[in-house]
Amino acid sequence: MSKRLSRRGFLKLGLGAAAGAAGAQLFLSSRAGSLSPVAQAAQGTIIPKYYLAGTDGWASLPGVGNTHFYPDTWAPTGKTSYMFGFADVSAYKTVNPPVSADVLGFKQKAQSCAPMMYFDEVDPNDPNKQPYVVRLTNLGLAMRPDLVDSHTVHWHGFRNVIPMFDGEPGSSMAVPIGRVFDYAYYPYECGTYMYHCHFEDTEHVHMGMVGPVVVRPKQNGTSKTYGGRTFTKFAYNDGDGSTGYDREYVMFLSEVWNESHWDDAHIQLPDWTDYKADFYLINGRVYPDTIKENGEAVGAPTNGVPGDLGDQPYSALAKCKPGERVLLRFVNLGFTKASMTLAGIRMRVVGMDAVQLKGKSNVDGSYETNTIQIGPGESVDAIFTAPAHSGGSGYDSYMLYNRNIPGISNNGNAGLGGQMTEVRVYPANSNAISATQVGPNDLAYLA
Amino acid sequence: MKRRLLPAILAALAILLVSGTQRGTALAQALPTDPRNGVICETSTDGHFDLTATIGYALMSDGNAIHMWGYALGEHSDVSVAAEHYQYPGPILCVNQGDTLSITLHNLLPEDTSLIFPGQDNVQAGNALSQPQFSAGTLTSLAPVAQAAAIVSGNVVSGSTMTYSFVASQPGTYMYESGTNAGVQVQMGMFGTIIVRPTVDANGNDFSYHYNYHDGNRAANEGQVAYAYARPDSAYNPAHEHVEILSEIDPFMHQAYESDFISWMGTGDFTAQFDMQNYVARYFLINGRTFPDTMADNNAAWLPNQPYSALVHIYPYDAATNPNPALVRYVGAGTQDYPFHPHGNDSLVIGRDGRALVNASGADLSMYKFSIPVGPGQTWDITFDWKDDNNYSSSNPIPVTVPQTANLTVGPYWSGSAYLGSSGALPPGGEGYSQCGEYYHIAHNHALQQMTSWGGITLSGQATYTRIDPPLPNNCP
């Protein structure tokens, strides 16, 4: 390599000096909670909508067997598998400095799956539009102090993004341990998306730094009547209410290959071309934990020890009443294609990859099916109408599961598990579920 | 493993070195007429091509040299010359709708081989309809064959030839591939791409291809229009036409065939030792290259037999000055779905398997997708463009605080600035590949284990970048 300074290098040095001078000034001005000095300060105070912390942790994936890689003998009681993930530290999004002692307390508390994030569509022509900000910090890996991996947030499918907010570390930057970065989004296109860390992506995605993102359409809040029913919530700006729904549930699919998870805990590296999933997850859990409620503490046992679901807060249970329209938002961030079958109820696929199925020329491309094929990195929006109740006061159950049969086994063992959950239809007069959903996935914080 | 491959590689190099002079000549002739990125079309005034089935070598980014089978453009009788001209994937053959495409297949391989053309009608082989071949009731080939080469006095002597032809009746993207022992031969590299360009639609509207290419002058190539199909809504910018052929390699399989080939050259007996039940793909490629070679220019000197770049190189969409998108033709040449995910924007899927996405009455059914699940044997035609929806610039700054680079991990393609066409401070010691403040967006297979390669090497598989240069005029090289 030549040691001579190229013209380009000289210019860069000049710019660097200029930026350094600017940074010195910015040190004294509003820094919006970032470590100083900064290269560029935002005007005004930034209040993120979500605040995520990248770190490691443990999950309970109940199964039979004592293989070399599963359950991990280093796992805390009630847990089986080492994970990377995002912890939800949104409660501290206004605290300054952002990496407070409270936030540091989330080290080794990675959530599986990552926090579900909902946004409202922004009108590009609104002169007062405001960006949504997602703040990311990196708490390091408690089990792997030797690893100094950075993290990012990649909003998968976000259109016309600039590299700085894409979270792909080769083309822009990533967040080192102890640092903070704010991603700004103007979501102009509604639909079902996903997000994940893109740093060392094969590893970080597979280790669990994955979650769903939804953009609600501008049409929400207006009333549209479709099929004799009036809706105020819609999957898309359909214009005719055809994507209207009463309740919605995210079905977020991911996978765990025991060897790679064990390897990361035990300072080893897998050959990723040997990949073969052992567990298939919905919303960060495997059946039968998928049908436990949001926030339930205790899951199915492994080798007789009750599972600890403390870091797997999301149920995958879909509850509804007869005649209601229910939107299922399928997202797959596993590495293999899933075939999600809803036995006994037909679904109408209305969207794919955050695009309503009506082409550029408004030709209706929606279709009915009982099995949704969804590959890695894809999303599918499907709506079903809950069938009549069979009578009595209990609920009717309809199974929703991955027809790729290995996908409904836990660790390859006999018996059902994996990507399986239930759709429960309650009697019309039942008080067992609220008349209107408190929020997507029955989560109030997403309302 | 490299140690075990070494003797075979030395043998291969001995073959390659024989015709070093010819290689230099061929490259010198090829370079001036090819763009740095984008499709390299092989064309022919009468629609006829000669392809020679031969061995060759492909280089992986981890340094392994893989023994391949496949095609060299032209007729070759000397196996060392043919191996020089071998290319992976096979040559991209471009014809116009209505042309008769004919290929004479010459064979320097130790097995019979043939060509099939999925998606084409009325394919002729040896002046008769191409039909599956049977011997005593047993299927031997999906099409009439060019018979295997032989060893005579220690030299490889060409087998017989076979000529295939068909009328390219419908525009679109297609494959040609081996129809003989196809499970093995296709996997060994015997496939290529055919592009059929539209001419005139049923109403006499002209959609024919007239691209005026100026070598070495990117700006002069802009502002032109071409069509993927005989439809106005398939318009694209022909300076940004790309083919992305997705394939995979099991190095153990290829090593076994290399050993078999060397034995054949010594004894004249060819016996395949590899059990395809043991097939496991370990390398995942775009245009025959693994990352980061996927980003290198067409005809990169260090990849003499993998000529096709996979870098998509565009300018931002602008309704007035750059209205037409890039066209990317994805080709699935492997054994499984590759869920390909170009960052930055959705892709507009306008065609599949050589047909525009329209309904029976011709209404447009094209769809925007952020994942392109390219299955085995499929082709997907997509258009792609990108613009900054928020027009960020130093006078319209991004709405967040940017830490100094000491508090960030900076990627090699980062310019130092959030804004297109600008550059800024980079940390000392970084790669700093950005040349003129251009943007990069990665494009990769989202079955992320296939973004790695053999032995756990991450980011060395099916990945490339989309490069977005500042609008013209700019100071990009």
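Q: How many salt bridges does the rule find across the interface of chain A and chain B?
A: Six, in this predicted model.

Q: What makes Lys337(A) and Asp337(B) a salt bridge?
A: Their closest N and O atoms are 2.9 Å apart. The cut-off is a Lys or Arg side-chain nitrogen within 4 Å of an Asp or Glu carboxyl oxygen, so this pair qualifies.

Q: How many residue pairs are in polar contact between chain A and chain B?
A: The count is 40, with both residues at pLDDT 80 or more.

Q: Which elements of chain A give two or more residues to the side that touches chain B?
A: You'll find α1 (7–28), β1 (38–40), β6 (154–156), β7 (173–174), β8 (180–185), β9 (191–196) and α3 (201–206). The largest share, five residues, comes from α1(A). By class, that side of chain A has 41 nonpolar, 22 polar and 17 charged residues.

Q: Why do β1(A) and β27(B) count as paired strands?
A: Pairing takes at least two bridges, and two join β1(A) to β27 (residues 402–403) of chain B, so they pair. The strands run antiparallel, with Gln40(A) opposite Val402(B).

Q: What area is buried between chain A and chain B?
A: About 6,100 Å², with carbon and sulfur atoms giving 57% of it. The contact takes 80 residues from chain A and 71 residues from chain B.

Key: Residues are numbered from 1 along each chain as its sequence is written. Chains are lettered from A and ligands numbered from 1 in the order in which they are written. This is a predicted model: local features need pLDDT of at least 70, side-chain atom pairs count only at pLDDT 80 or more; totals for chains, interfaces and linings use all residues. Side-chain values use heavy atoms; hydrogens and water are left out. Contact means heavy atoms within 4.5 Å. Buried area is the accessible area (1.4 Å probe) that two parts lose on being put together, summed over both. A polar contact is a pair of N or O atoms within 3.5 Å; within protein, one must be able to donate a hydrogen and the other to accept it, and residues adjacent in sequence count only if both atoms are side-chain atoms. Helices (H or I, at least four residues) and strands (E, at least two) are DSSP runs, numbered from the N terminus. Ala, Val, Leu, Ile, Met, Phe, Trp, Tyr, Cys and Pro count as nonpolar, Asp, Glu, Lys and Arg as charged, and the others, Gly among them, as polar.
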